[in-house]
Amino acid sequence: MEIDAVAKNFQRKLSVYQSLDERFEIQKEMYRGQQYSQIYFIRLHKMRSLLYSLVEKWKPDVPVCTVLGLEEGKECIIVGTLYKHMKLKPSVLDEYSKERSVAPLVKSHNFMHPDDQLVLEDESGRVKLGGTFLAPSMFVTGLVVALHGKETSAGDFLVQDILEPGLPPQMQLPCGSGEDKYVVFVSGLSVGSNTSNPLQLQLLIDHITGHLGDEKEQSIASQIVRVVVAGNSVEITLGLLNGQALASKDQSRLSEPIKELDILLTQVVITLVIPKA
């Protein structure tokens with residue numbers, strides 16, 4: 001009669017890190033009504049200096065001017081902040097009208113629309129960007145770029161080329177202890193949706209917690225030191241959140257996915273020991 005070997009117990013590895021979030025905290029700052037204007041101004045000032053140095057090698061024969069200094073038909077380079085005008089962007093007035101209306105308005109799947117337009121602005125003014133070189137769907141508000149083109153008779157800036165500042169130099173991280181440690185990134189759980197499979201979710205939890213597979217897989221699971229839930233964890237049935245008062249049965253449908261997700265995350269948390277720095 002064979003006797004099964006004694007199961008091997010794996011000790012989960014630990015990972016100590018130092019949080020540097022404090023430098024981003026707002027300390028003793030008073031709201032003065034500027035909203036994000038100061039951030040945009042500083043970003044434009046810093047990035048423009050960098051772009052000016054790159055323009056000298058990019059297109060040395062093309063002059064650089066401001067938005068206010070544009071001349072019709074004259075090729076030049078302008079540096080500024082992109083602003084994307086989005087037709088479907090949420091508005092406070094729209095939200096108010098939804099609450100006041102009897103029938104809920106149809107919600108769009110996302111905020112993208114074929115009529116979205118890009119605008120470039122600096123301290124002197126703003127100009128609408130024309131042509132097919134830049135697709136609005138590929139850009140977001142706040143990017144500082146250099147654009148090569150010319151002003152048209154309609155007052156638009158016909159873009160012919162673009163220069164982006166690129167990414168800053170990356171600091172080389174110090175080498176660790178040499179042992180493998182893993183961070184799990186999870187997204188799209190969609191708990192509460194029709195396509196959500198509780199068995200698949202539980203298999204994921206069992207794998208992270210080391211209750212799945214042979215000794216090799218359990219050894220790998222013991223090297224997981226962090227789990228990052230990156231979004232789209234809960235999916236609420238369309239039509240529940242339409243600005244109207246919820247019935248008792250709808251309130252239950254709204255809270256059940258959150259409760260289910262809470263149970264899943266609790267199973268993960270109790271197996272991840274996070275030491276203090």
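A nonpolar core is taken here as a set of buried Ala, Val, Leu, Ile, Met, Phe, Trp, Tyr and Cys residues joined through side-chain atoms within 4.5 Å. Buried means under 20% relative accessible area, exposed means over 50%, and partly exposed lies in between (1.4 Å probe, protein chains only). The structure is a predicted model, in which local features need pLDDT of at least 70, side-chain atom pairs count only at pLDDT 80 or more, and totals for chains, interfaces and linings use all residues. Residues are numbered from 1 along each chain as its sequence is written, and side-chain values use heavy atoms, with hydrogens and water left out.

The largest nonpolar core has 17 residues. Those with the most contacts inside it are Ile78, Leu120, Val127, Leu129, Leu134, Leu147 and Phe157. Two or more residues each come from strand 1, strand 2, strand 3 (125-130), strand 4 and strand 5 (157-163). Strands (E, at least two residues) and helices (H or I, at least four) are DSSP runs, numbered from the N terminus. Leu134 touches Leu118, Leu129, Phe139, Leu147, Val159 and Ile162, leaving aside residues up to four places away in sequence. Contact here means heavy atoms within 4.5 Å. Another core, of 12 residues, lies apart from the largest one. Its members include Val184, Val186, Leu189 and Leu201. In soluble globular proteins, nonpolar side chains tend to be buried together.

Strand 1 (residues 75-85) is mostly covered, with eight of its 11 residues buried. Strand 1 pairs with strand 4 (residues 144-151) in the antiparallel sense, over seven bridges. Pairing requires at least two DSSP bridges between two strands. Val79 has Ala146 of strand 4 as its bridge partner. Strand 1 also runs antiparallel to strand 2 (residues 117-122), joined by five bridges. Here Tyr83 is bridged to Val119 of strand 2.

Two charges sit over aromatic rings. The criterion is NZ of Lys or CZ of Arg within 6 Å of the ring centre and within 35 degrees of the ring normal. The charged end of Arg43 sits over the ring of Tyr40, 5.3 Å from its centre. Lys59 lies over the face of Trp58, at 5.0 Å from the ring centre.

Two non-glycine residues have positive phi. Ser190 has a phi of about 50°. Ser190 is found in the loop between strand 6 (182-186) and helix 3 (198-209). It is buried, at a relative accessible area of 17%. Asn232 has a phi of about 55°. Asn232 lies in the loop between strand 7 (224-229) and helix 5 (248-269). At 62% relative accessibility, Asn232 is exposed.
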